[in-house]
Amino acid sequence: EAEFAVMVRSDRKGHGLGRLLMQALLDYAASRGTQRLYGYVLRENRAMLALARSLGFENRTESGRPSEMLVVSRELPRQA
């Protein structure tokens with residue numbers, strides 16, 4: 001498993017950069033044999049939560065982090 005963190009500057013949001021970065025992270029992690037990625041997203045960041053869901057992440061609630069959601073990827077495919 002590996003934790004990820006992504007931040008996109010406000011004036012760059014809405015141009016697909018977050019999707020590009022997240023896909024690059026997923027591809028890199030799979031190439032390194034990482035089975036799963038996870039990260040914490042503010043509950044109010046609906047765009048990031050939706051992006052994560054569209055990339056196959058599951059949203060989970062963490063009891064110790066009421067203002068955040070834990071997003072966990074599906075198991076990443078093994079790459080040769």
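Before anything else, my terms: helices (H or I, at least four residues) and strands (E, at least two) are DSSP runs, numbered from the N terminus. This is a predicted model, so I kept in mind that local features need pLDDT of at least 70, that side-chain atom pairs count only at pLDDT 80 or more, and that totals for chains, interfaces and linings use all residues. Residues are numbered from 1 along each chain as its sequence is written, and side-chain values use heavy atoms, with hydrogens and water left out.

**Entry 1: helix H1**

I began at the end of H1, where Gly33, just after the helix, takes a positive phi of about 85°. H1 itself has 15 residues and spans 21 Å from its first C-alpha to its last, close to the 21 Å expected at 1.5 Å a residue (the expected span is 1.5 Å times one less than the number of residues).

Which residues of H1 are buried? I found Gly18, Met22, Leu26, Ala29 and Ala30. They sit on the same side of H1, because they cover an arc of only 100° around the axis. The arc is that of the directions from the helix axis to the C-beta atoms.

The cover over these buried residues of H1 includes strand E2 (37-42) and helix H2 (46-54). On the face turned away from the buried side, I noted the exposed residues Leu20 and Tyr28.

**Entry 2: helix H2**

Next I went through H2, whose buried residues are Met48, Leu49, Leu51 and Ala52. Their arc around the axis is only 160°, which puts them on the same side of H2. Among what covers them are H1, E2, strand E3 (58-61) and E4. Arg46 and Ala47 are exposed on the other side of H2. Just after this helix, Gly56 has a positive phi of about 95°.

**Entry 3: Thr34**

I then stopped at Thr34, in the loop between H1 and E2. Is Thr34 buried or exposed? At 19% relative accessibility, Thr34 counts as buried. Leaving aside neighbours within four places in sequence, Thr34 is in contact (heavy atoms within 4.5 Å) with Glu1, Ala2, Ala29 and Leu76.

**Entry 4: salt bridges**

My rule here: a side-chain nitrogen of Lys or Arg within 4 Å of a carboxyl oxygen of Asp or Glu. By this rule I count four salt bridges, and I wrote up some of them.

- Arg36 and Glu75 pair at 3.9 Å, N to O. Arg36 lies in the loop between H1 and E2 and Glu75 in the segment after strand E4 (68-72), so the pair ties together parts that are 39 residues apart in sequence. Arg36 is partly exposed at 24%.
- Arg9 and Asp11 meet at 2.7 Å, N to O. Arg9 is exposed at 51%, while Asp11 is partly exposed at 47%.
- Glu58 and Arg60 meet at 3.0 Å, N to O. Both are partly exposed, Glu58 at 42% and Arg60 at 36%.

**Entry 5: a nonpolar patch**

Last, I looked at the surface, where Val6, Leu17, Leu20 and Leu21 form a nonpolar patch with about 300 Å² of accessible area together. Patches are made of residues with over 30% relative accessible area and no salt bridge: like charges are joined within 9 Å, nonpolar side chains (Val, Leu, Ile, Met, Phe, Trp, Tyr) within 5 Å. Accessible areas come from the Shrake-Rupley method with a 1.4 Å probe, and for residues only the protein chains shown count as cover. Val6 is in the loop between strand E1 (2-3) and helix H1 (17-31).

Methods: Buried means under 20% relative accessible area, exposed over 50%, partly exposed in between (1.4 Å probe, protein chains only).
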